[in-house]
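Subject: Structure for your files

Hello,

Here is the structure I said I would pass on. My notes follow below it.

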Amino acid sequence: MSGLPFAGFLVLSGALLAVGLFGVLTRRNFILLLIAIEIAMNAAILNFVYFAAFARAPSPGLPGQAIAVVLIGFAATEVAVGLAIVLALNRVKGSINVAEASELKL
Amino acid sequence: MSSLFDLAGTFAPELVLLAGALLVFLLDVLKLRRLELVGSVSVGASLLALALVVADLGFAPFASLRTLSAAQVNPSLSALATPLWTFTSLGLVFQGMFLLATLLVSVASLSRGSKETGGPIFFGLLLLATLGMLLVAISSDLIFLLLAIELSSIATYVLVGYTRRGLRPLEAAMKFYIIGAVSSALSFFGASLLFGAYGTTNLLAIREVAGTVGTPILALLGYAFLLSGLAFKATLVPFHAWAVDVYDGAPSDVSAFLAGGTKKVGIFAVLLVFLGPILFAGAGGSSNPFQGGPFTLGPILQVTLGTLAVVTMTVGNVLALLQKEMKRLLAYSSISQAGYMLLGVTIGTAPAIAGATFQVLAHVLMKGGAFLVVAGVAGLGIGPLVDDWRGLGSRRPLLSVAFALLLLSLAGVPLTIGFVSKFVLFSAAVQAQGFFVWLAVAGLLNSALSVFYYARVLKVIYFEAPPAPLPTGGAVVGGAGPEPLRAGGLGIGRAVAIGVATALVVALGVDPQPLLGPIQAAASHFVFFWR
């Protein structure tokens, strides 16, 4: 476990998560929001790949890589549903701007 | 080959739901889209699955349930040495409660009128979401748990906006989706940090190694991210804002399912993830409290969760006082109820977990029933505001009595299930001594506070004059007043669902023992298992 460039990699994935969350908070276009969510999701996937490479002694690191592949598939599924919602919203409203979604008061 | 049959037998309830969902989608493709047909498939599948789960609970002694793990089913899997699922009696109890919610919503949705389109989508997604919930209840691996949560979440994102007509459901679906996706990203990030800290995502394995190995700071961060992700799903307070909009904008039957069903998934996930660290508190003996990460910080974790619980119930109750719309009022009350459930999880003793579980059961019946009443009342042509319900007591006596009983139970009036669950929960908190007594006091004060807004609704229903001349016997009085009630009434399915929910609320309030006993046994087994 010694000699890992721990901090460096964690800063990278933490930065990815931060960029994603910042995008979610600032972007008003639904498509860009989806991209931001994907970036945040990829931070977790990157972590799994990274930690799998430096896994603890008995396990061969396989679970982490398998999880990463599964999560990539999951992320694609999630985006598919998001795009379906965008399409339906665009059809009804003619706009995919999140800020204009004001039917429900906050 | 026999192991395959074992597997099928082990997962019978889940397979029944999957088959039901596929059958519904098949009927959709074959253009057999009648609401009654696809609805009966959904009712049948959830009833059969419920029967299987109850049978599992009934036939086996509580100590040795379907304890078939992945390694036992397929020895070659044991190389991974991490069972993805573990059957515990408490998990089966939660499965039963999830199925109960699905059953109520399915039965009620049978009477939504034949002009309703999208029946197959609704019932198919309902069954898929329930499948995800059932998998949550048996999971013992973080990734399995989170993916199961996502299975139910993704199905419910679509469920909220499935009508594709009108802006409100679609906007609710959009908000639900964004919040849900962000929270899942946070949860997975937390899981990845835990994987980095302990080298495994298996909750049982983490409990084994925790306190001795691990990178404490990674583990702490991991649990923090995981908590924030799961708190979104469970509508705990800093992460609750979406729930009100979504419950408000979604079709009311879907709101009933969200409040009565999927939200408890978050509660159970919090229980599953955090019970290990909490219970470890007693066993810890390390001189440096930060050495084992969260596993030696149990008390701090309990204070965090306890604060979250108190804040959740208080904010939910105070904001509910200010609401003018019925669905938003119920949504906020639902948030405050999540606080009570978290209270039981925080304490972590067997009686407290039994109390939280009973509170979940009570909430499935009370809130599911209440949202079903709201859906039915909307079908009668009554508006969304609380004031629109004026005089419902004289116009719809039976429906009003049912709704009144459900609200009284939410307020915790004796002889209803809501009283029993709070009694069990708060007495467990008092038994646990110390800090938890204050949690019980906060809970009691909150219960008293909540009486105000429930009483206001009851006053509106029973002691204020109806807004229009009384239609007789539910028939339409053509244009006599501004708001004549529509003919046709609730429909049989909805009436049955509301009736069953109300009857159970009262019956279990008068004599809770038939269910409270097994739940207590299951809770103590669960605590024993995770200690």
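Which residues of H19(B) are buried? Please keep in mind that this is a predicted model. The buried residues of H19(B) are B:Phe436, B:Leu439, B:Ala440, B:Ala442, B:Gly443, B:Asn446, B:Ser447, B:Ser450, B:Tyr453, B:Tyr454, B:Val457 and B:Ile461. In an α-helix there are 3.6 residues a turn, so residues three or four places apart point the same way.

The helix itself, H19 of chain B, covers residues 435-463 and has 29 residues. From first C-alpha to last, H19(B) reaches 42 Å, close to the 42 Å expected at 1.5 Å a residue. Five helices of chain B pack against its buried residues: H13 (298-321), H14 (326-347), H16 (392-395), H17 (397-411) and H18 (417-431).

Next, the interface. On the chain B side 33 residues are in contact with 33 residues of chain A. Helices H7 (142-160), H8 (167-198) and H11 (241-249) of chain B each supply at least two residues of the side that touches chain A. H8(B) gives the largest share of that side, 18 residues. Sorted by class, the side of chain B that touches chain A has 21 nonpolar, six polar and six charged residues.

Last, chain A. Chain A has three helices and zero strands, in the order α-α-α along the sequence. Of its 106 residues, 33% are buried. Among contacts in chain A with a separation of 6 or more, 44% join residues 24 or more positions apart.

Regards

Terms used: Residues numbered from 1 in each chain as written. Chains lettered and ligands numbered in written order. Predicted model: local features only at pLDDT ≥ 70, side-chain atom pairs only at ≥ 80, totals over all residues. Contact = placed C-beta atoms within 7 Å. Helix = DSSP H or I, 4+ residues; strand = E, 2+ residues; numbered from the N terminus. Nonpolar A, V, L, I, M, F, W, Y, C, P; charged D, E, K, R; others polar. Expected span 1.5 Å × (residues − 1). Buried ≥ 20, exposed ≤ 12 C-beta atoms within 10 Å, placed from the backbone.
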